[in-house]
Amino acid sequence: MWTDLTRTPRTLLVCERSSFLDEKSRLREQVEQLHFNYKVSVLLPECDSAPSHLEAAFKSFSSFYLIKKLPLFELLDKNFLEAAVYQGNVYGLSYRTRIDEDNCVALMPNGQLCLSLDKDSFEMLGLEGKPSRFNHRAASRYVVSLDLTDSRMAPGGRGYQRVLTGLTSRVQLQMDILLSHHPGGGAALQSLLSRYSWTELTPEVSKRRLTQLPCPTLLTSDLQSCDPHSFLEWLGAVDADVSCENSSSSFLSSLVCPEPMTTASHVLSISICGLLVPQDVHRLIQELRCYLEPPCKAPWVALTVHGFSDSPVTWGSREHGALRGGEHFYTLLLFPDHTYRLHLATGAHDNCPP
């Protein structure tokens, strides 16, 4: 046991520097590949209150739905497929299921349905799949991937009937599902909402005003004077409201602000929580770019996006690791000269970010 406690878990951090003006910038693609986001954090140094256009962006994140005890075969409903899935940009995720213990489901905007199943459910379902890449020893979890837009999965076809029979007769899986459709909203989801108990939810926005906060001196996007790991550690501490003073009387934290540093007289910290779709995140990024234009005096702005820790997938359709922590996130540092620094991070047992 002592050996396990002293072993540092493997982590991955990919850093990329580019400019919004560069035609080869991959930022939009990278943002869109993280489908299931539960939290967006923004840090605005030298800011006491956000301007109206930023306030509007914080409050404009799309609402989403929590459908209680939804049988999974309903995701194959012909009306739902035609009104939502075939139109694209449907986001569905099982709610309060644990990726290392429970059956989990993700419906991606390209029509891919991913089932992360325990061994018993997989064998009873009788569908083609593959062992999870993150099985500890013997295969105990399996992944089934279905393309609902494939012609072989058209209602009435052989492939469609096989899946439908499995979910209705062999394993009647049902779970709470978070569901969002962009930009159609609830109208495209009516075929499901009309038959089950549901709640419409709006992302929660919270703010904290900080004063006299020690901040790293980030003059340019190269960050040569600041180690990325140290910066992200400091940024996470600020978001979690953990002191970085490292005073002799504190037993809570030994974290410190990276050198060189300065003191920001006013800092605004904003958090948005819910099922947050990438399109809304990208719109917020564009508003943050506008915020940094003159006469703004902020030297930089930081945006961090956290993925759901129990989602079956991380970036794109990459399988999500389950043996240790499920963290995966990216932090975007924006600068007034239209350059940016992107940090993409995953925890242990995950694939490399894009």
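This report describes the strand order, salt bridges, cysteines and aromatic pairs of the structure above.

The structure is a predicted model, in which local features need pLDDT of at least 70 and side-chain atom pairs count only at pLDDT 80 or more, while totals for chains, interfaces and linings use all residues. Residues are numbered from 1 along each chain as its sequence is written, and side-chain values use heavy atoms, with hydrogens and water left out.

**The sheet**

Helices (H or I, at least four residues) and strands (E, at least two) are taken as DSSP runs and numbered from the N terminus, and two strands pair if DSSP finds at least two bridges between them. Eight strands make up an open sheet with antiparallel pairing, in the order E7-E8-E6-E5-E4-E9-E3-E10. Its edge strands, E7 (130–131) and E10 (198–201), each pair on one side only. Strand E7 joins strand E8 (residues 141–147) in the antiparallel sense over two bridges, and Pro131 has Tyr142 in E8 as its bridge partner.

**Salt bridges**

A salt bridge is counted where a side-chain nitrogen of Lys or Arg lies within 4 Å of a carboxyl oxygen of Asp or Glu, and the whole structure has twelve of them.

| Salt bridge | N to O distance |
|---|---|
| Arg195 and Asp77 | 3.9 Å |
| Asp150 and Arg152 | 3.1 Å |
| Asp241 and Arg208 | 3.3 Å |

The salt bridge between Arg195 and Asp77 ties together parts that are 118 residues apart in sequence, because Arg195 lies in the loop between helix H7 (190–193) and E10, whereas Asp77 lies in the loop between strand E3 (64–71) and helix H4 (78–85). Accessibility is described here by relative accessible area, with buried meaning under 20%, exposed over 50% and partly exposed in between (1.4 Å probe, protein chains only). On this scale Arg195 is partly exposed at 40%, and Asp77 is buried at 18%. Both residues also belong to a network of salt bridges that links Glu74, Asp77 and Arg195.

In the salt bridge between Asp241 and Arg208, the two residues are 33 residues apart, Asp241 being in the loop between helix H8 (228–239) and strand E12 (261–276) and Arg208 in strand E11 (residues 204–216). Asp241 is exposed at 55% relative accessibility, while Arg208 is partly exposed at 23%. As for the remaining pair in the table, Asp150 is partly exposed at 23% and Arg152 is exposed at 63%.

**Cysteines**

The structure holds zero disulfides, a disulfide being a pair of cysteine sulfur atoms within 2.5 Å. The cysteine sulfur closest to that of Cys215 is in Cys257, and at 6.3 Å it is too far for a bond. Cys215 is buried, with 3% relative accessibility, whereas Cys273 is partly exposed at 30%.

**Aromatic pairs**

Rings of Phe, Tyr and Trp (its six-membered ring) pair if their centres lie within 6.5 Å, and planes under 30 degrees apart count as stacked, over 60 as edge-to-face and the rest as tilted. The structure holds eight aromatic pairs. In one of them, the rings of Phe20 and Tyr340 have centres 4.9 Å apart and planes at 50°, so the pair is tilted. Phe20 lies in the loop between strand E1 (12–19) and helix H2 (27–33) and Tyr340 in strand E15 (residues 339–346), so this pair ties together parts that are 320 residues apart in sequence. Phe20 is buried at 17% relative accessibility, and Tyr340 is buried at 0%.
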